[in-house]
Amino acid sequence: MSFRGLRDADPLDTSVLVLQDRHRSHLVDTEQFQEVLHPRQQMRAFLGMWRMDPRIRPYVIRVGFYGIYRLGHVIIDWPLITSLVERWRPETHTFHLPVGEMMITLQDVAILLGLRIDGPAVTGTSVLDVAGLCVKLLGVIPPDEALRGSAISIRWLCQQLSTPAPDVDDVALERSARGFILALMGSFLFADKKGVHVHLCFLSLLRDFTHTASYSWGGAVLAHTYRELCQASLDRRRGISSCITLIQLWSWKRLHVGRPDFGRQAAYPAPPFPHAVRDDDADIIDGDVAEDVADVLPVQQGVQPEGEPGPALPLGCRWRVPLTRVHNPSGVLLLYRDQLDAQTLDQSDGSLISESWLTSFPIFA
């Protein structure tokens with residue numbers, strides 16, 4: 001789809017991009033829209049409230065969310081997120097750049113976040129017996145002030161389940177682990193508009209950790225992120241929720257705009273865990289992903305805080321080190337707009353959507 005940049009935001013072909021009169025780029029073109037989107041993610045607050053008990057770590061690893069926990073809080077560059085949202089088109093579910101279209105894929109989710117992308121879809125009902133579900137799976141009944149419809153307060157979960165007693169049995173530890181995973185979902189993966197509640201429909205999927213681990217959580221996160229990008233790209237939205245870290249890590253990996261430098265990393269103490277890839281896999285870090293996702297994630301074990309071997313950590317953890325901005329300024333919306341407008345083919349990692357790739361899909365897709 002032809003696109004001339006935000007300086008001339010109207011598409012050349014309006015037969016597909018039919019929402020231009022409601023799109024954020026329309027207001028940018030008329031210089032009426034210079035606001036930065038407001039944050040809707042509370043991962044930092046969650047990590048400050050809830051320190052994982054070592055006894056529930058095996059459950060978090062078993063479900064497949066340990067990499068998300070170790071990735072932790074990444075400082076969000078909100079002008080960068082805003083500039084990307086301005087180029088997201090809900091009609092095609094792609095970022096439109098002067099050099100072509102780009103998109104976040106399941107492969108990106110698996111490599112950057114370490115989430116499973118195959119298996120049963122994450123589905124369920126939002127009509128719940130809240131009291132019965134919480135008693136059975138969490139061992140507590142939330143008061144009315146801790147609920148907002150079928151969503152529960154993350155802070156209340158922390159107060160009730162973050163410090164299991166020293167002599168509790170496995171059932172109590174499983175309940176604490178469910179609370180931790182549920183709060184992690186609401187703070188990072190499926191953040192709502194305020195980032196302080198999480199829907200209890202996810203709790204019903206945590207009954208059996210073996211079944212929980214089989215779900216395509218990466219597919220659910222990507223679908224939720226797409227939905228939020230579509231809504232935020234329209235001109236009346238002032239915020240965006242969902243997994244914002246995924247959007248930023250994808251941009252740092254795929255584009256040069258706003259990407260921090262590892263520059264003076266050696267001057268700092270070594271990070272408490274290695275990357276999820278070997279040093280000799282430079283093509284995975286700096287170029288095209290040349291291996292299948294299943295071959296990338298398990299290549300090296302992580303290290304748990306106690307020094308015991310742990311699961312492989314996602315590629316996103318490579319940015320969990322001190323970063324510099326010597327060669328790439330950050331935090332300036334107008335600069336990001338200009339840089340994306342001036343994007344060239346050699347400044348992307350080759351993940352542009354090609355005509356041959358599009359024609360490979362069947363007609364019904």
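1. A polar contact is taken here as a pair of N or O atoms within 3.5 Å, where, within protein, one atom must be able to donate a hydrogen and the other to accept it, and where residues adjacent in sequence count only if both atoms are side-chain atoms. By that criterion, the side chains of Asp108 and Arg254 are joined by a polar contact of 2.4 Å.

2. The model is a predicted one, in which local features need pLDDT of at least 70 and side-chain atom pairs count only at pLDDT 80 or more, while totals for chains, interfaces and linings use all residues. Residues are numbered from 1 along each chain as its sequence is written, and side-chain values use heavy atoms, with hydrogens and water left out.

3. Asp108 lies in helix H6 (residues 106-113), helices being DSSP runs of H or I with at least four residues, numbered from the N terminus. Asp108 has a relative accessible area of 5% and is therefore buried (under 20% relative accessible area, with a 1.4 Å probe and protein chains only).

4. Apart from neighbours within four places in sequence, Asp108 is in contact (heavy atoms within 4.5 Å) with Met103, Leu113, Trp250 and Arg254. Leu113, with residues up to four places away in sequence again not counted, touches residues including Ile68, Phe188, Leu246 and Pro314.

5. Leu113 is also among the residues with the most contacts inside the largest nonpolar core, which has 88 residues; such a core is a set of buried Ala, Val, Leu, Ile, Met, Phe, Trp, Tyr and Cys residues joined through side-chain atoms within 4.5 Å. Helix H9 (residues 170-189) gives the most to this core, with 10 residues.

How values were computed. Helices (H or I, at least four residues) and strands (E, at least two) are DSSP runs, numbered from the N terminus. Buried means under 20% relative accessible area, exposed over 50%, partly exposed in between (1.4 Å probe, protein chains only).
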